[in-house]
Amino acid sequence: MFRKSLGICMSLAFAVSLAAAVVDTASQSKLTAAAIVDKNVAARGGLQAWRTVQTLSLAGKMGAGGNQRSTLQVPVPGPRSSAQTLSTRPAEEVQLPFVMELKRPRKMRFELQFSGQTAIQVFDGANGWKLRPYLNRRVVEPYTTEEMKTASTQAELDGFLVDYAAKGTQIELAGMEKVEDRDTYKLKLTMKSGQLIHVWIDAQTYLEAKVEGQPRMLDGRYHPVEVYYRDYRPVSGLQIPHMLETKVLQVARTAQGFKDPPVPAEKIIIEKVVVNPKLDENHFSRPEIAVAPNTK
């Protein structure tokens with residue numbers, strides 16, 4: 001669950017604002033990557049508006065625990081040909097309350113309520129910690145090397161595209177593609193670290209329609225991930241997507257091209273957004289474990 005929620009943190013951090021704009025479709029093919037980004041930033045509220053945003057708080061519910069992956073019929077050795085259905089994990093997805101706080105430069109605190117307990121992830125921009133009571137781990141653990149790599153690539157409050165040149169990011173137009181029957185510009189971003197990511201910009205609203213997510217490890221293999229942004233609503237002059245849908249793609253497992261069973265989409269519902277809330281700096285430090293008082 002922790003790796004999944006860490007990826008969700010990145011998706012949320014990237015998706016926290018976007019406003020509507022309309023474009024003349026006749027001029028779509030003439031736009032450069034830089035021009036598309038300029039229009040995206042304007043649609044999201046404008047460069048100056050984003051530079052005034054120093055903190056963000058988001059609260060809502062995220063799906064967890066569900067699987068719904070198709071069962072597999074596996075041959076069972078024996079004198080007669082037979083098959084056995086492999087059992088799956090619980091199919092129903094549970095909606096867990098969460099709160100995520102973001103602060104420049106690239107600080108994040110994520111709290112998730114699970115079975116009456118609070119799981120915590122904290123990243124102070126350089127170090128990360130996690131508390132996972134749902135696994136009966138009552139100690140604060142540092143991020144693993146892989147988790148640090150994931151956290152260190154998350155977007156700043158204003159996303160990947162705002163001030164991209166100052167961030168050392170190179171952007172190319174990789175063509176146009178359909179995303180859910182809408183024309184989009186596919187942008188290829190090369191980060192200062194060398195990391196590659198693709199972002200699909202709606203050709204009519206100039207808002208992010210889809211973003212390439214952090215690959216997910218399933219059954220010993222990394223699977224590509226796509227994050228879709230939906231249900232935009234205005235908040236403090238900015239447009240915020242209030243639903244994110246994450247899709248884990250199938251990959252071929254054999255030379256014959258057989259793939260893993262499909263994984264159903266996971267949804268995040270954002271119920272409350274606060275722009276520039278006062279956030280305690282201690283929230284972005286190593287979490288402290290509350291000790292129950294001795295009643296004896």
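Phenylalanine 123 counts as buried, at 1% relative accessibility. Buried means under 20% relative accessible area, exposed over 50%, and partly exposed in between, with a 1.4 Å probe and protein chains only.

Some ground rules. This is a predicted model: local features need pLDDT of at least 70, side-chain atom pairs count only at pLDDT 80 or more, and totals for chains, interfaces and linings use all residues. Residues are numbered from 1 along each chain as its sequence is written, and side-chain values use heavy atoms, leaving out hydrogens and water.

How many aromatic pairs does the structure hold? Four. Rings of Phe, Tyr and Trp (its six-membered ring) pair if their centres lie within 6.5 Å; planes under 30 degrees apart count as stacked, over 60 as edge-to-face and the rest as tilted.

One of the pairs is phenylalanine 114 with tyrosine 134. This pair is edge-to-face, 5.5 Å centre to centre, with 80° between the planes. Phenylalanine 114 is partly exposed, at 25% relative accessibility. Tyrosine 134 is buried, at 18%.

Now phenylalanine 123 again. Its ring and that of tyrosine 143 have planes at 10° and centres 6.3 Å apart, so the pair is stacked. Tyrosine 143 is buried too, at 8% relative accessibility.
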